[in-house]
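These are my notebook entries on a structure that I had not examined before. I set down what I looked up, entry by entry.

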Amino acid sequence: MSDTKRIVTEFVYCLLLRGGKMSPPVLYYLPPSPPCRSILLLAKMLDIDFELKIVNILEGEQLKPDFVAMNPQHCVPTMNDEGLVLWERAILSYLVAAYGKSDELYPTDIRVRALVDQRLHFDLGTLYMRLTEYYFPTMFIGAPLDEGKRAKLAEAVGWLNSILEGRQFSAADHFTIADLTLLVTVSQLEAFEFELRPYKHIRQWLDRCRDHMAPFDYEELNTNKANMLADMFKAKMNQSAG
């Protein structure tokens, strides 16, 4: 197949997949936000060209009436794809289904998909939640670190380490959106200097996932932004110490 014919074929495929509509989805986001970073990385993998709109949650822009009307939970990331409004991890599975050329990132095999979904829920409701509960009060309002919350975070990290034992990736025999969202969370822990040396399976998986994502602007979209949040945290800690 010639390059021109291939390009036309892919264009028609996208048109059919999107019902003939080609308006780009709108992503409301904040670049350093870990959940937003996972969406941007997936967009790079799927070659999605978002219309990007920054929502500065530090200045309360997520509480503006028009944003709350669109997303009553007023959180980022939020996506509007021609009237379909989604937020949080649901964006990941939708984008693969709507824009992916295969089901590799979100397998249709019901048992594998169940594992992917479980890992997504684990990240949102346990691992990432415990990360935010430990680090964010200090980073945003200067609260003292709570060692009880650190212990809960370490417990969740240990669970992930157990999940990864004997596995190359978290849910399937290849990289999926479960690995993507967990990668962003664990890389943020690493930037915060959470000690990962005791967790051999996580460290091996982390290197594997970083290598997989390197061609998709991983350093710029994720590592640099993770370091940005870590710098904010360290600055707040230094203020408290002073």
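**Entry 1: the whole chain.** I note at the outset that the model is predicted. I counted the elements and found nine helices and four strands in the protein chain. Reading from the N terminus, I recorded the order α-β-α-β-α-β-β-α-α-α-α-α-α.

I then asked how the radius of gyration of the protein chain stands against that of a compact globule. For 242 residues such a globule would have a radius near 18 Å, and the protein chain has 19 Å, which agrees. Along the principal axes, the C-alpha atoms fill a box of roughly 65 × 50 × 30 Å.

Entry 2: The protein chain exposes about 12,300 Å², of which carbon and sulfur atoms supply 55%. I also checked contacts between residues at least 6 apart in sequence, and 70% of these join residues at least 24 apart. For the charges, I recorded 26 positive and 32 negative ones, with mean positions 3 Å apart.

Is α2 enclosed or open to the outside? I found 12 of its 13 residues buried, so α2 is largely enclosed by the rest of the structure. Among the buried residues I listed P34, P35, C36 and R37, as well as M45 and L46. After α2 comes D47, with a positive phi near 60 degrees.

Entry 3: Helix α7 covers residues 177-191, and its 15 residues reach 21 Å from the first C-alpha to the last, close to the 21 Å expected. I found 14 of these 15 residues buried, so α7 too is largely enclosed by the rest of the structure. E193 follows α7 and has a positive phi, near 70 degrees.

I then turned to T176, in the loop between α6 and α7. Its relative accessible area is 0%, and T176 is therefore buried. Leaving out residues up to four places away in sequence, I found that T176 touches E104, L105, P107, V116 and A171.

**Entry 4: helix α9.** Helix α9 takes in residues 218-241, and its 24 residues should span 34 Å; I read 33 Å between its end C-alpha atoms, which agrees. The buried residues in α9 include Y218, L221, N222 and F233. I asked what covers the buried residues of α9. The cover includes α2, α5, α7 and α8.

**Entry 5: Y134 in α5.** I placed Y134 in helix α5. At 6% relative accessibility, Y134 counts as buried, because the limit for burial is 20%. Apart from neighbours within four places in sequence, Y134 is in contact with L145, D146, E147, K149, R150 and L153. I also looked up its C-alpha distance to A151, 17 residues away along the chain, and found 9.3 Å.

**Entry 6: the loop between β3 and β4.** G83 lies in the loop between β3 and β4. Is G83 buried or exposed? With a relative accessible area of 60%, G83 is exposed. Its C-alpha atom is 10.0 Å from that of V26, which is 57 residues away along the chain.

**Entry 7: backbone geometry.** As background, I noted that most residues other than glycine have a negative phi, and most peptide bonds are trans. Against this I listed several places in the chain.

The peptide bond from V76 to P77 is cis, with omega near 5 degrees. P77 is in the loop between α3 and β3, and H74 is placed in the loop between α3 and β3 as well. Phi of H74 is positive, near 40 degrees, and H74 counts as partly exposed at 33% relative accessibility.

E88, in the loop between β4 and α4, has a positive phi near 65 degrees.

Methods
Residues are numbered from 1 along each chain as its sequence is written. This is a predicted model: local features need pLDDT of at least 70, side-chain atom pairs count only at pLDDT 80 or more; totals for chains, interfaces and linings use all residues. Side-chain values use heavy atoms; hydrogens and water are left out. Helices (H or I, at least four residues) and strands (E, at least two) are DSSP runs, numbered from the N terminus. The radius of gyration is taken over C-alpha atoms; the globule rule is 2.2 Å times the number of residues to the power 0.38. Contact means heavy atoms within 4.5 Å. Accessible areas come from the Shrake-Rupley method with a 1.4 Å probe; for residues, only the protein chains shown count as cover. Lys and Arg count as positive and Asp and Glu as negative; His and the chain ends are not counted. The place of a charge is taken as NZ of Lys, CZ of Arg, CG of Asp or CD of Glu. The expected span of a helix is 1.5 Å times one less than its number of residues. Buried means under 20% relative accessible area, exposed over 50%, partly exposed in between (1.4 Å probe, protein chains only).
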